[in-house]
Amino acid sequence: MIIEFQSIKHLAKKCGFALCGIAKAVPLTLEKERFENALFHNYHARKNYLEHDVEKRFNPVLLLENCKSVIVCGFNYNMRCAVCGERYKIARYAQMKDYHLFMKEKLELLAHSLKEKYGDFNYKTTTDSSAISEKAWAVRSGIGYYGKNGIIQTKFGSFVFIGILLIDKEIDVYDKPNENSCGTCNACMNACPAQAIVAPYCVNSNLCISNINLNKKETDFTRIAKYGWLVGCDVCQNVCPNNAHTPINEEAMHADFAENKDEILETLTPKSFEHYFKDTPLYSLKYEGLKKRVEDFVREYCNIKKNVFLRP
């Protein structure tokens, strides 16, 4: 049984994906070498889990026996400009439903839709939940290319979640790898407040604001509070020309949290935490964790800005 290329694209769109690319399941040798080089230079900020299962990241057969095809889907999560309060800046991805949850739901729906049409087959879905390199396969499947900030750039810009469906069936046609590049544009490199983009396509996670403040155990804001980001950081994406005209996806909006972010965070209670952050990435911090994060952030920022946050 061979599955039709156009059928997959059509069903992926019906499942809510803005992008879909399909690659043949082969080992990605060059991508693996680049990844190992980054590990060697400790650009991964000693995140030990990245050092495990390196082979699996670039060889899908090790994740799904007899894997033949890699289907890569992208979800546009660009939302309206209400992404920051006056005091606390929060990355877009953290203000909506946890993508690990709904991306898996959409991928499962795609798999079942394909089974209904073509019969049974073995598959595996993954969205930041296994060792596979989603970025590398996004490029190989043609849906995007590496930006100089290390984030995948697509026709919908870079505010895109990536999910993968591995199947043990051949496709009649495969997409070509995306060979585009950022050209001479250095907007992200010039704008990064912490100068974490140490070279084109090379990000030092030890300096990256988003990498530092996404430490779920406890974030040390002494180095980064001056930049104003409480959770994540979107600076390199906000200045990217690819995102200038990205369409807004209403499904990505979190209406309840769109307004009065500062007041919500400063007056947080267990009840309001459940109301505003249930099923969002911030929920993993738990009430005590998010409240302490706000307090630590304010304390360090005030030390720098001389009581900027203090109310009359």
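Reader: How many bridges join β2 to β3?
Author: Six, in this predicted model. The two strands run antiparallel.

Reader: What stands opposite Lys24?
Author: Ser69, which belongs to β3.

Reader: What packs on the sheet and touches β2 and β3?
Author: Helix α1 does. Its direction makes about 145 degrees with that of β2.

Reader: And α4, which strands does that touch?
Author: Helix α4, residues 99-118, packs on the sheet against β3, β5 and β8. The angle between the directions of α4 and β8 is about 40 degrees.

Reader: Back up a bit. What is the strand order in the sheet?
Author: β2-β3-β8-β5, four strands in an open sheet with antiparallel pairing.

Reader: Which strands stand at the edges?
Author: β2 and β5, the latter covering 123-126. Each has a single partner strand, so one side of each has no neighbour in the sheet.

Reader: What does the twist average?
Author: 20 degrees from one strand to the next.

Reader: New topic, the second largest pocket. What volume does it have?
Author: About 400 Å³.

Reader: Which residues lie nearest its centre?
Author: Ala18, Leu19, Cys20, Lys155 and Phe156, out of 25 lining residues.

Reader: Which elements supply at least two residues of that lining?
Author: α1 (5-14), β2 (19-24) and β3 (69-76) each do. These elements also meet in the sheet packing, where α1 touches β2 and β3.

Reader: How does the lining split by class?
Author: Ten residues are nonpolar, ten are polar and five are charged.

Terms used
Residues are numbered from 1 along each chain as its sequence is written. This is a predicted model: local features need pLDDT of at least 70, side-chain atom pairs count only at pLDDT 80 or more; totals for chains, interfaces and linings use all residues. Side-chain values use heavy atoms; hydrogens and water are left out. On a 1 Å grid over the protein atoms alone, a cavity is a set of points where a 1.4 Å probe fits but cannot get out, and a pocket is an open set with protein on both sides within 12 Å along at least five of seven lines; lining residues have an atom within 4 Å of a point. Grid points are joined across faces, edges and corners, and a volume is the space filled by probe spheres set on the points. Ala, Val, Leu, Ile, Met, Phe, Trp, Tyr, Cys and Pro count as nonpolar, Asp, Glu, Lys and Arg as charged, and the others, Gly among them, as polar. Two strands pair if DSSP finds at least two bridges between them. Axes are lines fitted to C-alpha atoms, for helices over the stretch in contact, and angles run from 0 to 180 degrees between N-to-C directions. Contact means heavy atoms within 4.5 Å.
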